[in-house]
Amino acid sequence: MTASSAPRSAWSIFVFWAPLAATWLMMAAEGPLLAAIIARLADPKFNLAAYGVAVAFAILVEAPVIMLMSASTALVEDAISFRRLRNFAYALGGVVTAGMGVVLIPPVFRLITQTIIGLDPEVAELTYWALVILLPWPGAIGYRRFYQGLLIRHGKTRLVAYGTVLRLITMTVTALLLYRVDALQGAYVGAAALSAGVCAEAAAGRLMARRTVRGLLATTEPPPDGRELSYSRILTFYYPLALTSVIALIVPPMLTFFMGRGRFPVESLAVYPVVHALSFLFRAMGLSYQEVTIALIGKRFEHRREVGWFAVWLGLAASAAFALIAFTPLADVWFLTISGLTPELAAFAITPTRIFVAIPALSVFASLLRGILVIGEHTRPITWATVVEVALIATLFLLANARTDLVGVTVAVIAFTGGRIVGTIILAAAAHRAQQWRPSEQ
């Protein structure tokens, strides 16, 4: 039985969602954990900045494979659809890995980091070798997201969480072992831990999906809607999603570029990954909800009321929990004690953290709306909403940076929040229209 045929109630949605949320929360814990380790090694300011830049680049390169989880959750129904989407996923993984290799060609890397971004030379050198260590990252991400989507479609969300437990354990053990190597830079420790963790999770995901794969390969009946999953249909469905991820993931390097030219650039680049990692702990609840919507809302959106109301309460709870840290002395505990920032750097983190409070709720709502559009195979509006969001982020940053005396990291968070609000409004309008048609009628 697939998840789409299961009953709906607040409790059943919670049981389905909770392991996926735990998965994202564990991934969200990676950032603070690694940042805390890097902050306790030599030259923390430069290594934190380099680690943040390297991860931003790696995430941008992996952007095209991000939506493979949503694609396999929505599209894989039988042996033919499994084989074709698997072939597509593998090819895409090879392309993004090659893209990472292009970034690492020294003249290309120097053009990006020194000429375009204007990184401090010491930060640029650390960033290069951290990216070399992260080379397996994009292909492994695509591989594991494809197989995790199969598990989600068949209601096996706990297995997804178990894979992430293995990832977190592998990453933690790797980081702690390398922490003892005195000559190793903190940025390299963080990159090695991330690579080891995601490779372990990818292998585990394939192993845990083996029974699901056998069931799919044994399926001989045609899909319920009678539409065979062709490569042209995959491209039509996936191209807007891949483009959306690419455009959305331009934001971290774009903000890195802007902060590098804003006020207090090194401090901003050092603090932003720590602030972002904290917000990600609460945004993770929303990021996990896109696949929940795809799996549970129904082909004709017959369960939109139950799934929608759960999203409302989830979003409000996520932002309220984040506010409890941002506006209380717990902020000092987080930044000084847990993250290991100096008092000077922690002072730069407080204001942007408070501005970020609305983001967890917006993440839940955006994931709900994207899920509705994906299950309806109306994926193009997702791209347009992201285009507007990114353009507005850039515009707001440039305006605020030119007309105020705010620190670069604060300007970045203001711009990010403003863009996300407008992007979510556009998604809401598109999702409302999408629910007027059934997917089979497109």
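Me: What covers the buried residues of helix α15?
Reply: The cover includes α1 (10-39), α13 (265-287), α14 (289-296), α16 (330-338), α17 (343-355) and α18 (359-375), where contact means heavy atoms within 4.5 Å. Helices are DSSP runs (H or I, at least four residues), numbered from the N terminus. This is a predicted model, in which local features need pLDDT of at least 70 and side-chain atom pairs count only at pLDDT 80 or more, while totals for chains, interfaces and linings use all residues. Residues are numbered from 1 along each chain as its sequence is written, and side-chain values use heavy atoms, leaving out hydrogens and water.

Me: How do you know that the length of α15 agrees with its number of residues?
Reply: The expected span is 1.5 Å times one less than the number of residues. For the 23 residues of α15 (residues 304-326) that gives 33 Å, and the end C-alpha atoms are 33 Å apart, so the two agree.

Me: Why is Y143 called partly exposed?
Reply: Buried means under 20% relative accessible area, exposed over 50%, and partly exposed in between (1.4 Å probe, protein chains only). Y143 has 28%, so it is partly exposed. This residue is found in α7 and touches Y90, A202 and R206, not counting residues up to four places away in sequence.

Me: What makes the buried residues of α10 lie on the same side?
Reply: In α10 (residues 210-217), T212, V213 and L216 are buried. They cover an arc of only 100° around the axis, which puts them on the same side of α10; the arc is that of the directions from the helix axis to the C-beta atoms. R211 and R214, on the other side of α10, are exposed. What covers the buried residues of α10 includes α4 (79-103), α7 (137-153) and α9 (186-208).

Terms used
Helix = DSSP H or I, 4+ residues; strand = E, 2+ residues; numbered from the N terminus.
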